[in-house]
Amino acid sequence: MERINETLKRVVTPEFTSRLDELQQEVLEEPNIQAFIEENSDEISKQVINRSLSKLYEYKSQSHDCKGCPSLDECANFMKGYEPKLVLDRSLIDVEYVRCKRGGIEDERKKVTSMIDSIHMPKEVMEASLSSLDLQDDSRVVAVRAAKDFLNEWERTNKLPAKGLYIYGKFGVGKSYLLGALANELAARHIHSVVVYVPEFLREMKQAIQDQSLPEKVEFVKKAPVLMLDDIGAETMSSWTRDEIIGTILHYRMSEQLPTFMSSNFNYDELQHHLSYTQRGEKEVVKAGRIMERIKALTIPVALQGKNWREHK
């Protein structure tokens, strides 16, 4: 067997030593490495540097601040979405991997997305933003200001206001879009909201009786930190959906002072008239009035006018 000294003499040639010196020089010229050594000069000796050379080289060979990475999917580092960070560990320099800038943005995007549960809402609405709303019509300015007042109140007090908005106006003026934009603004502040398209939701509730998921679904909606009921009044209302579904949800939210937003083609009076008649033609004024009391307790009416944006796309 060859002695270790003989092996080293054969492997550690002058060329190898020269290349090692060059490599060490390249590593030590890296600005972040220089800064780290300087910051920890009390603990880092030349011997520590020599023993940590492989880790320093690993640090230098990786991408920093997402430079050289066209996208998160094309991240050049060993661990995609992470970048190296120099640390001292047991008197040696080591490398830890922390989330990079692009990875952090992606994490935040996923977190924001998880803040909104939409039920039967179109994608266009769920991607809306307040900044993209056209403010040519004065009523839009008033509506956006009311939405911002809600957000400002939360930012000022760190508590959600008990009253949401009842946004009403003709078909296509942007009521649903405004709800979607507000949901996204809340999500950006890490506030969870549930956005529900009421006509489809009520149809789903009828089906939920069969698979026994009704109580669970009603509980989920009624306890949402912020609830947005889109297009209330567009459905064909039965006394059951009005009293047992909508009534139950609104009663709970009123009791718990949970903010609720609604959009409708009807103003308060028109909605009360709509709720007074069941799909069987029965007139139930008192029961409709009870629902309206809850809606008025939960919301501030805001009229939205202007052109039909669906016709001008």
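# Close-up views of a predicted protein model

**View 1. The protein as a whole.** Of the contacts in the protein with a separation of 6 or more, 75% link residues 24 or more positions apart. Contact means heavy atoms within 4.5 Å. This is a predicted model, in which local features need pLDDT of at least 70 and side-chain atom pairs count only at pLDDT 80 or more, while totals for chains, interfaces and linings use all residues. Residues are numbered from 1 along each chain as its sequence is written, and side-chain values use heavy atoms, with hydrogens and water left out. The protein has 14 helices and eight strands. These are DSSP runs, numbered from the N terminus: helices are H or I with at least four residues, and strands are E with at least two. The radius of gyration is 31 Å, well over the 20 Å that the globule rule gives for 313 residues, so the protein is more spread out than a compact globule. That radius is taken over C-alpha atoms, and the rule is 2.2 Å times the number of residues to the power 0.38. Along its principal axes, the C-alpha trace spans about 105 × 45 × 40 Å.

View 2. How much of the protein is buried? Buried residues make up 42% of the 313. Buried means under 20% relative accessible area, exposed means over 50%, and partly exposed lies in between (1.4 Å probe, protein chains only). The accessible surface comes to about 18,100 Å². Carbon and sulfur atoms hold 49% of that surface. Such areas come from the Shrake-Rupley method with a 1.4 Å probe, and for residues only the protein chains shown count as cover. The protein carries 44 positive and 50 negative side chains. The centres of the two sets lie 4 Å apart. Lys and Arg count as positive, Asp and Glu as negative; His and the chain ends are not counted. Each charge is placed at NZ of Lys, CZ of Arg, CG of Asp or CD of Glu.

View 3. Strand β1 covers residues 82-89, and strand β2 covers residues 92-99. The two run antiparallel and are joined by eight bridges. Two strands pair if DSSP finds at least two bridges between them. Look for Pro84: its bridge partner in β2 is Tyr97. Most residues other than glycine have a negative phi.

**View 4. Strand β5 and its two partners.** Strand β5 spans residues 193-197. Is β5 mostly covered or mostly open? It is mostly covered, with four of its five residues buried. Strand β3 (residues 116-119) runs parallel to β5, and four bridges join them. Ser118 has Val195 of β5 as its bridge partner. Strand β6 (residues 226-230) also runs parallel to β5, here with five bridges. Tyr197 stands opposite Asp230 in β6. In a regular strand the side chains alternate between the two faces of the sheet.

**View 5. Two loop residues with positive phi.** Which loop holds His190? His190 lies between α9 (175-188) and β5. Its phi is near 65°. His190 is partly exposed, with a relative accessible area of 37%. Gln212 has a phi near 60°. Its loop runs between α10 (198-208) and α11 (214-222). Gln212 is exposed, at 70% relative accessible area.

**View 6. Lys287 in helix α14.** Helix α14 takes in residues 285-298, with Lys287 among them. Lys287 is partly exposed, at 35% relative accessibility. Which residues does Lys287 touch, not counting residues up to four places away in sequence? They are Arg242 and Asp243. Asp231 is 56 residues from Lys287 in sequence, and their C-alpha atoms are 20 Å apart in space.

**View 7. Two partly exposed serines.** Ser132 is in the loop between α7 (123-126) and α8 (138-157). Its relative accessibility is 41%, which counts as partly exposed. Ser132 and Asp149 are 17 residues apart along the chain, with 18 Å between their C-alpha atoms. Ser255 belongs to helix α12 (residues 239-256). Ser255 is partly exposed too, at 46% relative accessible area. Ser255 and Ala181 are 74 residues apart along the chain, and 27 Å separates their C-alpha atoms.
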